[in-house]
Amino acid sequence: RFTLLLFWRQDDAATQTLNRDAQAAMAAFTDRAALATVNVADPAEQESVKRFNVARAPMPMLLVVAPNGAVTGHYRTNIT
């Protein structure tokens, strides 16, 4: 299964919009993908932040990760 990882720092309007859009996109792919959120400011999430090297990336952002761990998509605003 693919995993959509929503990385965010602040629960602001941009994060809420991207989260809402990701959830709407997931409605068609629930059998092939899963959605998870990662707060980059949370110490418990630092393993994921380091693995995908997103500590200094602009937030929020959505990464699409294939079952083999490869990042196959990146979205900052519109999910297409």
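F52 touches L5, F7, L63, V65, G69 and V71, leaving out residues up to four places away in sequence (contact means heavy atoms within 4.5 Å). The model is predicted: local features need pLDDT of at least 70, side-chain atom pairs count only at pLDDT 80 or more, and totals for chains, interfaces and linings use all residues. Residues are numbered from 1 along each chain as its sequence is written, and side-chain values use heavy atoms, with hydrogens and water left out.

**Nonpolar cores**

- The largest nonpolar core has 12 residues, among them F52, L5, F7, L63 and V65.
- A nonpolar core is a set of buried Ala, Val, Leu, Ile, Met, Phe, Trp, Tyr and Cys residues joined through side-chain atoms within 4.5 Å; buried means under 20% relative accessible area, exposed over 50%, and partly exposed in between, with a 1.4 Å probe and protein chains only.
- A second, separate core has nine residues, including L4, L18, V64 and Y75.

- V38 lies in strand 2, which spans residues 33–39, and belongs to the largest core.
- The relative accessible area of V38 is 3%, so V38 is buried.
- Apart from neighbours within four places in sequence, V38 is in contact with L5, L6, F7, W8, E45, S48 and V49.
- V38 and W8 are 30 residues apart along the chain, and their C-alpha atoms are separated by 6.3 Å.

**Chain architecture**

- The chain contains two helices and four strands, in the order β-α-β-α-β-β from the N terminus on.
- Helices (H or I, at least four residues) and strands (E, at least two) are DSSP runs, numbered from the N terminus.
- Of the contacts between residues at least 6 apart in sequence, 61% join residues at least 24 apart.

**Overall dimensions and surface**

- The radius of gyration of the chain is 12 Å, which agrees with the value near 12 Å for a compact globule of 80 residues; the radius is taken over C-alpha atoms, and the globule rule is 2.2 Å times the number of residues to the power 0.38.
- Along the principal axes, the C-alpha atoms fill a box of roughly 30 × 30 × 20 Å.
- Buried residues account for 34% of the 80 residues in the chain.
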